[in-house]
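Please look over the model shown here before reading the points.

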Amino acid sequence: MTKTKQEILDEFAVFSLNMEGIGQWLSKESNLDIFARLAEIESNPLSAVQLNQLLVLGHEAPLGDAFFRYYWLKEPIQHPYDVKAVPGYSEAWRNSEGIVSLSHLKWGMYRFYVDAMLCFGNIRTALRSLRDLSYAELENFFISNRFDTEAIKRRGPALPLKQIAKDNRYLISEMACKSYGDNVSSDLRNMLVESYKAHSAAGNASPTFRQLIENQSPNADKSRQSEFMFSADEVLDEQVTSEQDLISRFGRIAKKFDDARTSALANTSYYLSMVNDLDVYVATSMRGREDFRKMADTCEKIFSDSRLKALNLRYFDPTLSAAAGHEDKGLIECLMVKCAKVLVYCAGEKDSYGKDAEAAMALSLGKPVIFLCDHEQRRRFYRDIHPLSRLIEFETGIAVGAMVTDKTEDVSELLFRIFENQMLYSLEQSKPRALRLKENLTGSVVRVMTGDRLLAETFWNHYHKNRSGRRIRGNGHPWAG
């Protein structure tokens, strides 16, 4: 059945951006000959030559033969995602020599628009960059945008990390380190002894650790109370009957601290030894003992997925690593974010500058970022538009977004899809001329192209300039003057 102009416009509406060139190729103002030819496509397949003629009639430059073959006549295996999973795909197109239906035309255009959003952030820029490449050059370009799954699998397992009991992992924190020190000269130990003496003198010979911390001696530094409460969490409600009993009980927990910290420092050395092969960095903030337990459980749930185990993924578990000081910790974490292929952001009950900065750094490097938060946090995330939901990849200027979910199983699934190059995407126009690329599992927007022409022109005219104001070679853009 022959399609009318309006039916064609409706079917191809997502590609109509009311901008010069390809974004205006199919619009109400387009040459009527374009619609007339497309209307008979099922009885008269569209060749590369004729498609190019229609593009010229729509004020767009013609495509190279390799581009035509890559997007309409082939199913490239080594693409950043499965092209057969793109909506409308049909096996009947495998042996075709031209575009045999409107669905076939739409499939190739959809693929190209997804690629453009992923790799360029702009449709016309992508077309100008790709249309004249050879088939081998197109293949190599997209291979370079894939994860080498087989190479990841071939690495085999890394050296095993030192194990730390989940209940003891809170002891690797900086607060615990400050509290326990070297045990003998521990600030926490000294405060407890002084506080016990004051309690005993006041007639309370059997106080709990909680009482000793909450009601310290008059000369004690009260500003560290929350730090000491955190560090002594395991024994807070235990009573002490003498100074010697106090020292003995403290020694028991201090020994756990020493063992946990020794293992955590060793693990950090292991992480540094494999930083070049680090796959996933897990960013979070942990303020209490229960936070460490929950984070340990979360990492276990995510990475125990059998499909991820088969990949031998190297991932950073924040509950197993410690540094000699906060300055070293900052350097180590920045290095791991830079080297990791993907970042998983685990939201806590309160915001944290540290993990927000890590997520922002990963997005600005163009890395996939997955936000894991509870249902209410996810609702607020979209309602209030978290500032990390849209950032710019510094090198390219592409507007990127994070994937947001409230399910650990979604994180496992997304990691599998990312490293197996099996991501699924959808295109949508959020408003006239503005284009979004959404990740299908969570519905998160991962790429954005503005529909505001002034903003686009200004952005690309100025983004790729160096400090002296000169344009950096090789970073031109069709909006740029």
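Predicted model: local features only at pLDDT ≥ 70, side-chain atom pairs only at ≥ 80, totals over all residues.

**Helix 3**

- Helix 3 spans residues 48-57, and its buried residues are A48, L51, N52, L54 and L55.
- Those buried residues fall within an arc of 160° when viewed down the axis of helix 3, so they line one face of the helix.
- An α-helix has 3.6 residues a turn, so residues three or four places apart point the same way.
- What do the buried residues of helix 3 pack against? Their partners are helix 2 (32-39), helix 4 (65-73) and helix 5 (102-119).

**Helix 7**

- Helix 7 covers residues 135-143, with Y135, L138 and F142 as its buried residues.

**Helix 10 against helix 13**

- Helix 10 (residues 187-201) packs with helix 13 (residues 243-273) at an angle of about 155°. Their axes are 10 Å apart.
- Angles over 145 degrees count as roughly antiparallel, so helix 10 is roughly antiparallel to helix 13.
- The crossing of helix 10 past helix 13 is right-handed.
- Which residues make the contact? Helix 10 contributes L188, R189, L192, V193, Y196 and K197. Helix 13 contributes E243, L246, I247 and F250.
- By type, the residues of this contact between helix 10 and helix 13 are 7 nonpolar, no polar and 3 charged.

**T405 in strand 7**

- T405 lies in strand 7, which runs over residues 403-405.
- Is T405 buried or exposed? T405 has a relative accessible area of 0%. Buried means under 20%, so T405 is buried.
- Neighbours within four places in sequence aside, T405 is in contact with I370, F371, L372, C373, R378, D410, V411 and T442.
- How far is T405 from T125 in sequence and in space? The two are 280 residues apart in sequence. In space they are 31 Å apart, C-alpha to C-alpha.

Conventions. Residues numbered from 1 in each chain as written. Heavy atoms only, no water. Buried < 20%, exposed > 50% of the residue type's maximum accessible area, 1.4 Å probe, protein only. Helix = DSSP H or I, 4+ residues; strand = E, 2+ residues; numbered from the N terminus. Arc of directions from axis to C-beta. Contact = heavy atoms within 4.5 Å. Axes fitted to C-alpha atoms, helices over the stretch in contact; angles between N-to-C directions. Parallel < 35°, antiparallel > 145°, perpendicular 65-115°, else oblique. Left-handed = near helix turned anticlockwise from the far one by under 90°. Nonpolar A, V, L, I, M, F, W, Y, C, P; charged D, E, K, R; others polar.
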